[in-house]
Amino acid sequence: MPQLAIDATCLPQYDKLDGPTRERLRAVTRKFREMSWESLLAHPDLRIRRLPHGQDPRIRTFRLSDTWTGVMLAPESGETFLLVHLLPKESAESWAADQRHDVNSVMGTLERRDAAALAPVVPAEPSAPPRPAGAAPAATDPAPAGAAAGTAPSGTAGAPAGGAPAPEPGGLFDRVTDRELERLGVDPEIRGFCRSLKDAAELRAWRPALPQDQYEVLSALAEGHSVQRVLQEVVAPRRPRIGAVATDDYDTAIRHTRERVIVVGDDQEVEDVLAGEFNAWRVFLHPKQRDLAYRAHFSGPAKVSGGPGTGKTVVALHRVKFLAEHLPLDGRVLLTSFTNALVESLKRNLALLLPDELLDDVDVVTTDKLALDVVKEARPDVRLRTDTRGLFANIARQHRLDFPPDFLYSEYRHVVMAQGIGTLEGYLDPDARRGRTAPLDTDRRRAVWHAISEARARMRTGRALAAEEIHAEAARLLAERSEKPYTNLVVDEAQDLHPMQWRTLRAAVAHGPNDMFITGDNRQRIYDNTVSFKQLGIGVVGRSYPLRVNYRTTEEILTWADGIMRGRVPNELGEAAPEPPGSVRCVLSGPPPEVHGAADEPDELDALAERVRGWLAEGIAPGDVCVTTRTNRLRDSVAAHLRARSLPAAIFNPGRHSVTDEAGSVRVTTMHGVKGLEFRAVAVTGATAAALPLMDHVTSPDIDENQHRADLDAQRSLLYVACTRARERLYVSWHGEPSPFLP
Ligand SMILES: Nc1ncnc2c1ncn2[C@@H]1O[C@H](COP(=O)(O)OP(=O)(O)OP(=O)(O)O)[C@@H](O)[C@H]1O
């Protein structure tokens, strides 16, 4: 029986179909799976048509409804049909006639190109593959027909219309030879075409017309990566593991192109795939993502880093799936993150990916909850203390320590607990305070140690323990257990965890293959924690992997937001060394961010309300809009202001609500509250100099200059995180003096 595969291009289209058309599509897909090709061709309702002037003899159209047409690829073998696109009837045939599918001779993937748009600009080389039978002569429209609106070059990307461009000096790919391009899977047609390109913007404008994987190769080369690196990072992950590529074997290529094609088995799968435009991540993984998530064996902890929106959480979720599928009988997986809101969001997404029987084997909890549960098992009367900062300030006063108010707490948190120092001797060790800038002689260290010891003793007697104490105790209890509670552990948003939290995690799983899988991004570190994995016994050397494709944010927004981090080279996650250079590519493009400086707060809020109203009028659903502020006070004012102007607005408290609770309203929340989330449109309000940075939350340089700088960086990151939550639209406003962090 033939099989059906679905191309990811169909997903956003499915959203546009009405109920009866969707039902009909399901019925049609059933026929494709169940009937022979001859019966399908003869079927009166389907009206399967070959396009007499099409570029690709394998493409057919079929009737979906009076207004919608399906486009499919029907390889001669008839084994696997590919549903390529769903289009309004009037545009379907011309689109389908322009496209051509080929099997990439190096990567073995099925690629689609707009052959009609490319025809005038590809050289007619003798080495070019013969046009498929039935292909049309070169079309005359030189611009890439499917190019994103406004991005295609108005002319011919530097090439004379109607003829092949002669290679010109100063081309984008001059440094790469034809032989190298060939090794990278760039076919003769595209090799000839790319010689005419002058810069990366021109290449990007042609993207919709170019075969997808070859575009990836060219864009990595255009970024300046070496041929070797492109071979390793782009070509190798796509190559079939075994066997040679046969360019006439479309069935195999369809199955092999898992980045954008999925073979479906039954109605439920068809529905699951098609209905999931925003859940494409469940099905279509980048080869690098798939490789990391489903790799059978990492010999120890593995770390995945990458800028915002590069799919780290997606990889973490798929990794949990892989681990849960391969658990020993009594095994358990822990998926953990920093805040309740993040954990809620992970739980929801995991439930979309895993069947119930696998979900039962996975715990999704914050690292703090894990530690508290472990401690409570041994001492049920213990509870979490929330006023630790105040306690230390009191004790510092009582001990008459002449330091700034937060000094004692900072010393406790960032020296004593971060390094797990348990004795006065340990604290007096010359290395104990390495990296701290305020010097402390031995007498003062003794005084500080006594004050810290008293605070710790008071917490223990009162049984209300700071999170730091709970983790120290949890790590101790877990280290004593010969049977660890977890077989594997997956940590998301790892950049924000404190060393004491890492000790708990390290102790919760035995050392060994696949023990820890860690994802994070130091650019997004918004809490005051810096970590050395090496010191914590988490060896990731040789098992660190970057992700470099941003799936969330438009290029315009990401480029602007990157200006917030200008000149800052973050340290690699869990290391003291700077991150190696490497750029991120965006899949999406759109309008640039809007910025607005107002005279005062009421003016700023008025302008915000109009912006939000405009988005809603454009058809963006209220639940897809988020307004974010630095403080709770401004958050409340914004919500009240929007409501007073009849806009549906709800305050989102990430600690208490799950993300979908307020689906019918514009979400108003703090910058901390948007971490890990994403929205079609985001407004960042109150980006004024007085609020970003908020100096209350920045360690004074008198206490420690390094910590002072790290705290300022964390606030800069907070703005960066808020801005990179936007998928399509970003609006940033302030009143009075703008934040110095703004680009
Ligand atoms: N292979 C993929 N195909 C389609 N969409 C993807 C893919 N990978 C990730 N995405 C989408 O990209 C967006 C960002 O993914 P994700 O949240 O995993 O990124 P992240 O790196 O964890 O982001 P951040 O660090 O900014 O929180 C999500 O909407 C996700 O569904």
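Predicted model: local features only at pLDDT ≥ 70, side-chain atom pairs only at ≥ 80, totals over all residues.
Reader: Which residue of β15 stands opposite Ala302?

Author: β9 and β15 pair in the parallel sense, over 4 bridges. Within that pairing, the residue opposite Ala302 in β15 is Phe517.

Reader: And in β16, what is the bridge partner of Ser305?

Author: β16 runs parallel to β9, and 4 bridges join the two. For Ser305, the bridge partner in β16 is Pro546.

Reader: Nice. Which strands are at the edges of the sheet?

Author: The sheet is open, with 6 strands in parallel pairing, in the order β11-β10-β14-β15-β9-β16. An edge strand pairs on one side only, and that describes β11 (362-366) and β16 (544-547). From one strand to the next the twist averages 15°. So, as the order also shows, where DSSP needs at least two bridges for a pair, the edges are β11 and β16.

Reader: What angle does helix α17 make with β11?

Author: α17 spans residues 367-378 and packs on the sheet, where it touches β10 (333-337) and β11. The direction of α17 makes an angle with that of β11 of about 100°.

Reader: Which residue of β15 is the bridge partner of Leu489?

Author: Here we look at β14 (residues 488-491), which runs parallel to β15 (residues 516-520) and is joined to that strand by 3 bridges. The partner of Leu489 in β15 is Met516.

Reader: Turning to the ligand, which element gives the largest share of the shell around it?

Author: Of the 21 residues around the ligand, Trp281, Pro308, Gly311, Thr313 and Tyr551 come nearest. By class, the shell has 7 nonpolar, 10 polar and 4 charged residues. At least two residues each come from β17 (549-554) and α14 (312-325). The largest share, 3 residues, comes from α14.

Reader: Which domains each give at least three residues to that shell?

Author: The domain assignment gives the chain five entries, including domain 3 (286-380 + 485-549) and domain 5 (593-735). Those supplying at least three residues each to the shell around the ligand are domain 3 and domain 5.

Methods:
Residues numbered from 1 in each chain as written. Axes fitted to C-alpha atoms, helices over the stretch in contact; angles between N-to-C directions. Contact = placed C-beta atoms within 7 Å. Domains from an automatic or database assignment. Near = placed C-beta within 6 Å. Nonpolar A, V, L, I, M, F, W, Y, C, P; charged D, E, K, R; others polar.
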